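Below are my notes on the model, as numbered points. Please read them alongside the coordinates.

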Amino acid sequence: METLEDRKMSSSAMKGLREQDLALSQERFAHLLGVTLGTVSRWERSEGHPDEAMEQKILRLRRIARALSAVMDPKSVAEWLQAPLAQFDGNPPRDLLSSRFSTSYLERFIDQWLSGRPLLT
């Protein structure tokens with residue numbers, strides 16, 4: 001049975017997401033998540049841990065980054081997540097990571113985009 005601890009992202013996994021999956025500095029990763037540089041630094045040094053809502057946002061970010069990695073290099077994934085897009089009413093996709101519903105919409109959009117099907121509007 002999965003426990004809450006099994007769903008926690010370790011400091012090394014978070015650093016891997018930032019460095020390998022997104023190719024971001026701590027500062028840019030902090031901006032993407034809407035937290036301070038010091039907060040990201042503490043998380044990566046295991047001197048603190050994100051609250052549950054932020055933890056879920058980071059896990060959603062990892063899922064999205066990995067889905068996009070099929071067609072983009074890590075730097076492009078990070079740029080795409082932060083760019084305002086018409087498909088999301090001029091908002092950047094990162095703004096959709098805050099809720100499970102919005103992330104599901106984003107995942108469906110990516111799936112349709114990758115499969116060549118007409119995009120959601």
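**Notes on the predicted model**

1. R18 is buried, at a relative accessible area of 6%; buried means under 20% relative accessible area, exposed over 50% and partly exposed in between, with a 1.4 Å probe and protein chains only. This residue lies in helix α2, where helices (H or I, at least four residues) and strands (E, at least two) are DSSP runs numbered from the N terminus. Setting aside neighbours within four places in sequence, R18 is in contact with A23, L24, S25, Q26, F29, V40 and E44; contact means heavy atoms within 4.5 Å.

2. On provenance: this is a predicted model, in which local features need pLDDT of at least 70, side-chain atom pairs count only at pLDDT 80 or more, and totals for chains, interfaces and linings use all residues. Residues are numbered from 1 along each chain as its sequence is written, and side-chain values use heavy atoms, with hydrogens and water left out.

3. How do α2 and α4 pack? Helix α2 (residues 11-21) and helix α4 (residues 37-44) meet at an angle of about 130 degrees, and their axes are 8 Å apart. Axes here are lines fitted to C-alpha atoms, for helices over the stretch in contact, and angles run from 0 to 180 degrees between N-to-C directions. The two helices are therefore oblique to each other (under 35 degrees counts as roughly parallel, over 145 as roughly antiparallel, 65 to 115 as roughly perpendicular, and the rest as oblique).

4. The α2 side of this contact consists of S11, M14, K15 and R18, which meet V40, W43 and E44 in α4. By class, the residues of the contact are three nonpolar, one polar and three charged. Ala, Val, Leu, Ile, Met, Phe, Trp, Tyr, Cys and Pro count as nonpolar, Asp, Glu, Lys and Arg as charged, and the others, Gly among them, as polar.

5. A search of the whole structure gives five aromatic pairs. Rings of Phe, Tyr and Trp (its six-membered ring) pair if their centres lie within 6.5 Å; planes under 30 degrees apart are stacked, over 60 edge-to-face, and the rest tilted. One of the pairs, W80 with F88, is edge-to-face, at 6.5 Å centre to centre and 85 degrees between the planes. Both W80 and F88 are buried.

6. W80 also pairs with F109, in a stacked arrangement with 6.4 Å between centres and 20 degrees between planes. This pair links distant parts of the chain, 29 residues apart: W80 is in helix α6 (residues 74-82) and F109 in helix α7 (residues 100-115). W80 and F109 are both buried. A single aromatic cluster is formed by W80, F88, Y105, F109 and W113.

7. Helix α7 has 16 residues and spans 22 Å from its first C-alpha to its last, close to the expected 22 Å at 1.5 Å a residue; the expected span is 1.5 Å times one less than the number of residues. Its buried residues are T103, L106, F109, I110 and Q112, and these pack against α5 (52-68) and α6. G116 follows α7 and has a positive phi, near 80 degrees.

8. S46 sits in the loop between α4 and α5 and is exposed, at 54% relative accessibility. D89 is in the loop between α6 and α7 and is likewise exposed, with a relative accessible area of 72%.
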